[in-house]
Each structure stands twice: as structure tokens, then as C-alpha cells.
Amino acid sequence: MIRITAFIIRVAASLSAALGLAWAVPAQAADYPAKPLKFVVPFGAGSATDLLARALSASLTQQTGQAVVVENRPGASGMIAAQHVARAAPDGYTVLITSNTTQAANPHLFKKLPYDPVGDFTPLTGLGRGGQILVVKAGAPYRTADELIRAARQAPGKLSFGSGNSSSRMAGEMLKQLTGTDIVWVGYNSNPNALNDLLGGHIDMMVIDTVTGLSQIEAGKLRPLGASTLERLPQLPELPTLDEAGIKGYDMGYWFAAYVPAGTPAPMAAKLRRLLVKAVGSDGAQAFFRNSATQAWTTTPDELRQFQAAEIQKWGNVIKAAGIEPE
């Protein structure tokens, strides 16, 4: 009888603890956020990702009354920040505001990552995405993408393209792969430096991010030949996409998204996602999108998960075909 009684007491205690935990998570979610949050950004202050994070943080503070600290952890192609968030407590208070660099490109550019871009994170929502533009110097003899590609085919290894980040580099490599051309890559430490050499006539073309190239196009210094996305850019609605220009299947843009550490309680992740989606529509975020030529873009967690998987595969295919060896 004593043994049976002891067993019943243990079972009751276990059930009580389980029920207590089950009630605790909804209670915590109802009060969430109950303290300041931290947005971790993989790039330096003033970068596009940083500016977006700060616009979103202002909205979350307004919505919740809690401070949101934006913490920049630049370096190692975003790996420092991604690793930090991957190892953070999964309590809903540490958020990675990041881009395709950490979540899609790095797995193929480095032999070993200190984080798993899929397994270490719970996706919340996309935040924004944008396109790039194939450009040449305004005085170049090419007036269309087709003319440029025909010139490249007639003189293999003679034309060159520059890039100062992974998105621009992979966009150029995809152009080569889909057109079967031999165009020489010239690397730079930033897109503005590559742009200076394009304007100076030292390279022949670039696939440049819209925010960097648009002002030079409007000033008449660059000639746009095609947009890198499947949809036309709102800023240049008359410019055909490269897919429309005959390079079928061409689609290479950039994107921003939000993640929390894997294991974050679902009710907290869901509430944080709702806050972020509302923040994307805030005046501050909309001003960022206008000024950076980026489009607002929100998703469900499953949509972001599927989108990221497709992006990882796409980046991997382009990098492998380009013969780029992981570092």
C-alpha cells in the first residue's frame, strides 16, 4: 500500500509540473515582451540591414513600450552575428535581422560554418527584398542586354564585370552561366569601388544593387540594360527584366528576414512575428524601403522556410557552376 501511495504521489507531482509548465508558456507569451529586446545585425552601422533593423526597432518600441537595442556584430561575412544568435537563449528576446548572405550564401562560400543556417534558427518572417540592375557606362556601345551578350560571345574573355559583394558577384556569374559567355570577373571590396572603375572605363559591366546604381542612372552616367528579378523594378518600370530580355530563368536579388534561436516557444515566436509584420508597414520602415529601392516583403514562417531552402539551392548551383572553392 505504501509503495502504491508513493507511486501515485510521484505521478501526481509529475502531472502537476507538466500542467504548470503548460500554463507557464501561455502566461509568459501573454506578458511578452516583458523586457527589452535585442536585434542582432551581421553588418556595420549604416548598412542597409542596420537601417532596416533600426526602423523596425522604433516601431516595436512604439507597439510594446519596451526598448529594442540594435547590436551590430559585423565581420566574417555575418558569421559572428549568426553564431551569437544561434547560441543565445531561445526566449524570444534575441532576434537576428539578417540577409541572404548568412542564410543562403555562406553555406557554399565557406567550408565550415560556426552555425547551421537552418537547424539553429526558427524563421519568423521575410522583411524586404530588392533587385539588381545590369548596367554599363552611359557611353558604352551596348544599348540592350542582347547586344552586350552578343559582344561577349564574339570576344570570349575580353569583356569584364566587377562586383563588391556576394550578391553582385553571383548575379554576374549567373549571367555568364545562362548565356554561355566567358566574361572576366574583377573583385572589389565594395560595390561603390567597382562602380568607380565602371565609370572610369576599367571594367565593362556590373550587376549592381538598385540603391547604389539608381542615382547614377538618373544622373545619366549609367545605362541600365535589365533588372535581375522576375518582376520589373518599381523604380524603373520601363526597364525589362533580364528574363524578358531573353535570358530565361534569370532571377537573382537580395532579401532581408528575421529569425530567432531554434527552440523559442511557439507562442512568443508567433507574437514577435505579428509585431514585426506590423513594423514593416510602419512609416519608418516604409521610408527605408523607398530610400533603398527595396520592397516590403512579409511571409509566414513556413513560407520563409521554403523560400530559404530554394535560395540555398540556387546559390549553391551558381557557386558550384562558377568553380568558386569554399574558403
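Mentor: Start with contact, which means heavy atoms within 4.5 Å. Helices (H or I, at least four residues) and strands (E, at least two) are DSSP runs, numbered from the N terminus. The model is predicted, so local features need pLDDT of at least 70 and side-chain atom pairs pLDDT 80 or more, while totals for chains, interfaces and linings use all residues. Residues are numbered from 1 along each chain as its sequence is written, and side-chain values use heavy atoms, without hydrogens and water.

Trainee: What covers the buried residues of helix 10?

Mentor: The cover includes helix 2 (48-64), strand 4 (121-130), helix 8 (210-218), strand 10 (254-261), helix 9 (266-280) and strand 11 (295-296). The buried residues of helix 10 (residues 283-292) are A285, F288, F289 and S292.

Trainee: What makes these residues line one face of the helix?

Mentor: Seen down the axis of helix 10, they fall within an arc of 95 degrees, so they line one face. The arc is taken from the directions from the helix axis to the C-beta atoms. On the other side, D283, R290 and N291 are exposed.

Trainee: Why is F121 called buried?

Mentor: Buried means under 20% relative accessible area, exposed over 50%, and partly exposed in between (1.4 Å probe, protein chains only). F121 has 5% relative accessibility, so F121 counts as buried. Y259, with a relative accessible area of 1%, is therefore buried as well.

Trainee: Why is the pair of Y32 and Y93 called edge-to-face?

Mentor: Rings of Phe, Tyr and Trp (its six-membered ring) pair if their centres lie within 6.5 Å; planes under 30 degrees apart count as stacked, over 60 as edge-to-face and the rest as tilted. The centres of Y32 and Y93 are 5.2 Å apart and the planes are at 70 degrees, so this pair is edge-to-face. Y32 lies in the loop between helix 1 (2-31) and strand 1 (37-41), and Y93 in the loop between helix 3 (79-86) and strand 3 (94-99), 61 residues apart. F121 and Y259 also form an edge-to-face pair, at 6.1 Å centre to centre and 65 degrees between the planes. That pair joins strand 4 to strand 10 across 138 residues.

Trainee: How do you know that the charged end of K35 sits over the ring of Y93?

Mentor: The criterion is NZ of Lys or CZ of Arg within 6 Å of the ring centre and within 35 degrees of the ring normal. The charged end of K35 sits over the ring of Y93, 4.7 Å from its centre. The charged end of R169 likewise sits over the ring of W185, at 3.5 Å from its centre.
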